[in-house]
Each structure stands twice: as C-alpha cells, then as structure tokens.
Amino acid sequence: MDKVRARQSYRVCLFFFQTPPVSQDPPDKAQKTGRSIASIASIVAAATLISKVFGLVRQQAIAAAFGVGPAVDAYNYAYVIPGFLLVLLGGINGPFHSAIVSVVAKRDKEDTAPLIETITTLIGGILLVVTILLVIFANPLVDLVAPGLNTTDAGLEIHAIAVQQLRIMAPMALLAGLIGIGFGTLNAADMYWLPSISPLFSSVALIGGLGILALSLGGAIVEPQYAMAGGLVLAWGTLIGALLQWLVQVVAQWRSGLGTLRLRFEFWRPGVKEVLKVMGPATFSSGMMQINVYTDLWFASFIPGTASALGYAGLLVQTPLGILSNAILVPLMPIFSRLSDPENWDELKRRIRQGLVLTALTMLPLGALMVVLAMPIVRAVYERFAFDREATEFVAAILVAYGAGMFFYLGRDVLVRVFYALGDGDTPFKISVANIFLNALLDYLLINAFGAPGLVLATVGVNIVSMVVLIVLLDRKIDGLPWGEWFVPFGGLTVASAIAAAASWGTLVGLERGLAMDGFFGAMLELGLAGTLGLGVFGAIAMQLGLPEVDLFVSRIRAKLGR
C-alpha cells in the first residue's frame with residue numbers, strides 16, 4: 001500500500017506540483033484520496049474553463065443587449081447581496097466548501113451522510129430566514145447599497161428596477177449555502193467534475209432568458225422602455241440558474257450516498273462542531289471581503305455606469321483567475337489539511353512555497369499583459385451593439401487596475417487556506433475586519449485621485465497589505481519560513497513579467513501605427529501578436545531562472561504535446 005500511495009502521490013499538480021506521500025494517513029484514507037493531484041487539477045481546470053467560457057458569453061450577451069444602461073446597472077446593485085452570498089457561501093474555495101473539505105476529508109464515508117444532512121438542516125434553516133428578510137427589506141437594502149441612486153431621475157428608475165430584481169433573487173441566499181455544502185461534500189469524496197462545471201447552468205439560464213426576451217421584443221432590448229423587462233429577465237435567469245446548479249449537486253450526492261434532503265436535527269453529532277469551528281470564522285472573514293466590495297459599490301453609485309463597468313472588467317479578470325485559482329486551491333486544500341500536524345510542517349512549508357510560486361508563475365505575466373493590452377481585450381470581448389467605444393475606454397481603464405492586482409488576490413487566498421487547514425479561522429477574520437476600514441479609506445482617497453479605477457486600486461492595496469500580514473503571522477505560527485529561498489523565484493518572475501509586458505506594449509504600439517485596424521478582427525490581431533510575443537518572452541526568461549517548477553511545467557507540456 002505504501003508503494004501504491006507513493007506512486008499515486010508523486011505526480012504533478014498543474015504540471016509541476018510534486019506530491020510525496022503523507023505518512024500519517026491511514027490506509028483507508030490513502031484509498032479515498034488515491035486520485036493523483038495532477039488528475040484533480042486537470043479535471044478542475046477543464047471544468048472551470050468550460051464554466052468560465054459560458055460566463056464570458058453570458059456577460060457578452062448582457063453587454064450587447066444593455067451596454068452600461070439602467071437594466072444592467074440596477075442588476076449589479078440588486079446582485080450585491082444574493083450574488084455575494086452565492087460567491088461567499090456557494091463558491092469553490094469559499095468558507096462552506098473549505099470547512100466541509102477540511103473535516104469530511106478526514107472521515108470515513110459512512111459518517112459523511114448523517115453529518116452533511118445535519119449541517120444542511122442547520123444552515124438551511126438560518127439561510128431561509130435570511131431569504132425572507134431580503135424579500136421584506138429589499139427597498140431599504142437597495143438604498144443602503146446605492147445611496148447615490150436617489151439623487152437623479154435616472155437613478156430613481158435604476159432603484160425601482162433593482163428592488164424588483166432583489167426580491168426575485170432573494171432565494172439565492174438559501175441556495176448559496178446549499179451549493180457550498182454540496183461543493184465541499186463532493187470534493188471531499190473525490191468528485192470534482194460536476195461541482196466545477198455546475199456554475200455554467202446559471203449562465204445558460206440567463207442567456208436563454210435574454211434570447212427569449214430578444215425574440216419577443218424583436219431584438220429591441222436596448223430601448224429605454226424595455227429596461228424593466230430586461231432587468232426582470234436578468235433576475236429570473238440568475239435565480240433559475242442557481243436552482244439548477246444546486247439540483248444537479250443534490251442528485252450526485254444522493255446517488256453517491258453522501259446525504260439526501262432529509263431533515264436531521266442531530267446537532268450534537270461528532271463533526272458538527274468541528275465544521276462550524278472552521279465555517280463560522282471563515283464565513284465572517286470572507287464576508288468582510290464582501291463588505292469591501294459593497295463599500296466599492298457605495299462609492300460607485302455616485303458615478304454613472306461604474307457598477308456596470310466594474311462588473312464587465314471584473315469578469316475579464318475572474319475568468320483566468322477563477323480557472324487557475326480552482327486548479328491550485330482545490331487540490332491543495334486537502335494536502336494542507338493532512339500536513340497540519342507539527343511533525344509535517346517542513347513538508348507544509350514546501351507546499352506553501354509551491355502554491356505561491358505557481359501563483360506567481362501564472363498571475364504575474366497574465367496581470368502584466370492585461371495591463372498593457374486592456375483596450376484590445378475589451379474591444380474584442382464587448383464592443384458591439386449597445387457597447388460602444390466610450391464604454392470600451394471606461395471599462396479598459398478599470399481592467400488595467402484589476403490586472404495590476406491579480407497576483408496579490410490569488411496569493412492571499414493561498415495563505416488564507418493554509419490558516420484554515422491549520423484550524424485557525426480567527427486570524428484571517430481579524431485581518432479582514434481591519435481591512436474594511438483600510439478599504440474605505442483607500443476608496444475615498446483613490447476615487448478622488450483616479451476616478452472609477454481608484455476603487456479597484458483600493459482593493460489591490462488591501463490585498464497587498466493582507467498578504468504581507470498573513471505571511472508574517474504564518475512565519476511565526478509554523479516556526480519560520482525560508483524567506484531567502486523564496487525571494488529569488490518571486491523576484492525573477494516579477495522581472496520576467498515586466499520585460500514581457502514591455503515587449504507586448506511595444507508590439508501593440510507598432511501594430512496600431514502600422515495597421516490602424518479597428519473592430520473585432522483588428523483587436524484580435526493585436527491580441528494575438530502582442531500577447532503571444534509577451535508570453536514567449538516571459539517563457540524564455542522563466543526557463544533561464546532554474547526553477548524546478550518551471551522545468552517540470554515545460555516537461556509536462558512537452559509530454560502532452562507528444563502524445
């Protein structure tokens with residue numbers, strides 16, 4: 001069994017995570033986690049890629065139909081609470097997912113179903129009350145989220161649409177918790193494809209709703225008189241999509257013997273307290289981050305179109321970020337949990353370093369290229385029909401700010417998961433509380449200096465501070481980190497990304513002056529040539545750094561291409 005476990009473990013996560021056996025795992029646990037980390041990462045990355053592509057198509061449909069008009073502006077405000085709950089509670093790597101995985105992954109399968117049914121009963125009851133409150137208090141909640149809407153006639157129209165949308169989407173509060181529990185349960189049982197791909201149901205439902213509305217109105221969704229109708233379709237499509245996402249998970253859980261819809265009130269059952277110990281602080285910690293997003297939208301409500309622009313630019317960042325973060329964090333979370341005992345801390349430190357190097361290897365060059373290629377990216381993805389050149393320039397400026405912070409966003413998430421694996425949800429929570437005040441201060445200062453992009457730069461600043469504090473506290477918690485060994489790879493990858501960005505920018509300027517091509521095909525040509533050159537320059541420099549992760553990454557790609 002030891003030889004089998006070693007052979008299964010010594011594989012590559014995302015082509016270059018080496019995963020040696022963890023000696024303290026019992027034989028039954030080794031069997032349960034027999035799937036290689038590389039296989040898990042590939043499954044999660046492929047499924048997430050499909051979901052993100054559908055999400056991008058959904059956003060393109062919304063942009064083409066509404067541009068930065070009142071329907072989509074209202075939707076962004078109405079989506080604040082139910083949508084953030086879906087991300088907060090129902091997302092992969094969210095607190096519910098992390099708590100369930102960290103506890104269930106250590107237990108036998110026969111103990112899982114009663115535990116999951118008990119947790120579902122408890123959390124479902126709480127979130128049902130939250131759903132009812134959202135319906136009752138929709139009007140004042142929209143006032144709270146976007147006070148700037150009450151200052152103009154156009155704002156009052158957006159406010160009215162947002163209230164109706166919030167009432168329709170209120171049940172997503174309940175669905176968010178159920179989806180998050182389902183994510184964690186299926187992942188802990190070595191099931192990754194369905195949870196990772198299930199978000200596409202939301203996109204499909206919303207795209208279908210827009211298609212039906214376009215047919216019924218003869219393609220005139222962009223007309224102002226159809227703003228309310230379009231806004232309601234956005235809300236109903238989002239709710240139906242979330243419902244479908246939960247239902248497919250329930251079926252998978254049921255068939256796998258991982259729990260049914262049975263109400264179980266055994267709150268004293270072993271494991272319940274352990275789950276809540278991680279889930280509670282993790283939820284509050286992640287919730288503090290969502291308060292930061294609310295703060296951004298509070299300021300955004302005073303600048304017309306900013307909420308829509310933030311959503312469009314945010315999706316362009318979240319598409320690659322979501323794919324890579326899931327591929328990194330989903331397989332790493334169980335590893336961190338199984339290395340949480342002090343005798344395994346040397347190996348845990350190596351895993352932390354690998355997670356952060358992987359983050360730098362992917363996020364630094366992507367972020368740098370996104371900064372210099374923001375305009376052609378937005379033109380290629382969104383600029384058509386109601387989304388004009390003025391909207392492109394507005395969204396591109398925000399995308400530049402997002403690109404600058406991609407590494408710090410994911411790097412912070414890696415460190416937070418280490419604390420969760422160590423059973424410490426309090427530390428990330430305390431940092432998140434402090435970040436609320438820091439974010440509000442930076443929002444106020446930077447929005448005056450940079451306008452709408454200042455809101456994103458404030459978030460970047462908060463993530464940088466969070467990452468520094470987390471790594472300092474982690475250094476103390478696990479008896480020191482090898483700072484000297486870590487500085488070289490991160491410094492080298494940063495320099496390589498900067499050189500790649502400069503090469504890409506020079507190519508883009510040359511193409512704009514020489515070809516002067518507008519429209520979709522011109523943007524795609526600029527992206528193809530400038531982006532490819534930038535990535536090529538980064539890859540060439542990265543290979544000279546002598547990092548084992550880069551060497552394994554390249555060898556893995558060559559092996560796949562040779563098949």
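This is a predicted model: local features need pLDDT of at least 70, side-chain atom pairs count only at pLDDT 80 or more; totals for chains, interfaces and linings use all residues.
Residues are numbered from 1 along each chain as its sequence is written, and side-chain values use heavy atoms, with hydrogens and water left out.

**Entry 1, charged pairs.** Side chains of opposite charge can pair when their charged atoms come close. I looked up D413 and R412, whose side chains meet in a salt bridge at 3.0 Å, N to O. Both D413 and R412 are buried (buried is under 20% relative accessible area, exposed over 50%, partly exposed in between; 1.4 Å probe, protein chains only).

I then took R389 and E383, which form a salt bridge at 2.9 Å, N to O. R389 is partly exposed at 33% relative accessibility, and E383 is partly exposed at 22%.

Salt bridges that share partners join E347, R350 and R351 into one network. Within it I noted the salt bridge between E347 and R350, at 3.1 Å, N to O. E347 and R350 both lie in helix α16 (residues 345-372), three residues apart, about one turn of the helix. Helices here are DSSP runs (H or I, at least four residues), numbered from the N terminus. E347 is partly exposed, with a relative accessible area of 23%; R350 is partly exposed too, at 29%.

I checked the span of α23 (residues 519-543): its 25 residues reach 36 Å from the first C-alpha to the last, close to the 36 Å expected. The expected span is 1.5 Å times one less than the number of residues. The buried residues in α23 include G522, E526, L527 and F538.

I found G177 in helix α10 (residues 172-188). G177 counts as buried because its relative accessibility is 0%. T120 is 57 residues from G177 in sequence, yet their C-alpha atoms are 8.2 Å apart in space.

I listed L128, V129, I132, L133, V135, I136 and F137 as a nonpolar patch on the surface, with about 610 Å² of accessible area together. Patch residues have over 30% relative accessible area and no salt bridge; like charges are joined within 9 Å, nonpolar side chains (Val, Leu, Ile, Met, Phe, Trp, Tyr) within 5 Å. Accessible areas come from the Shrake-Rupley method with a 1.4 Å probe. F137 sits in the loop between α7 (112-136) and α8 (138-145) and is partly exposed, at 43% relative accessible area.

Technical notes:
Helices (H or I, at least four residues) and strands (E, at least two) are DSSP runs, numbered from the N terminus. A salt bridge is a side-chain nitrogen of Lys or Arg within 4 Å of a carboxyl oxygen of Asp or Glu.
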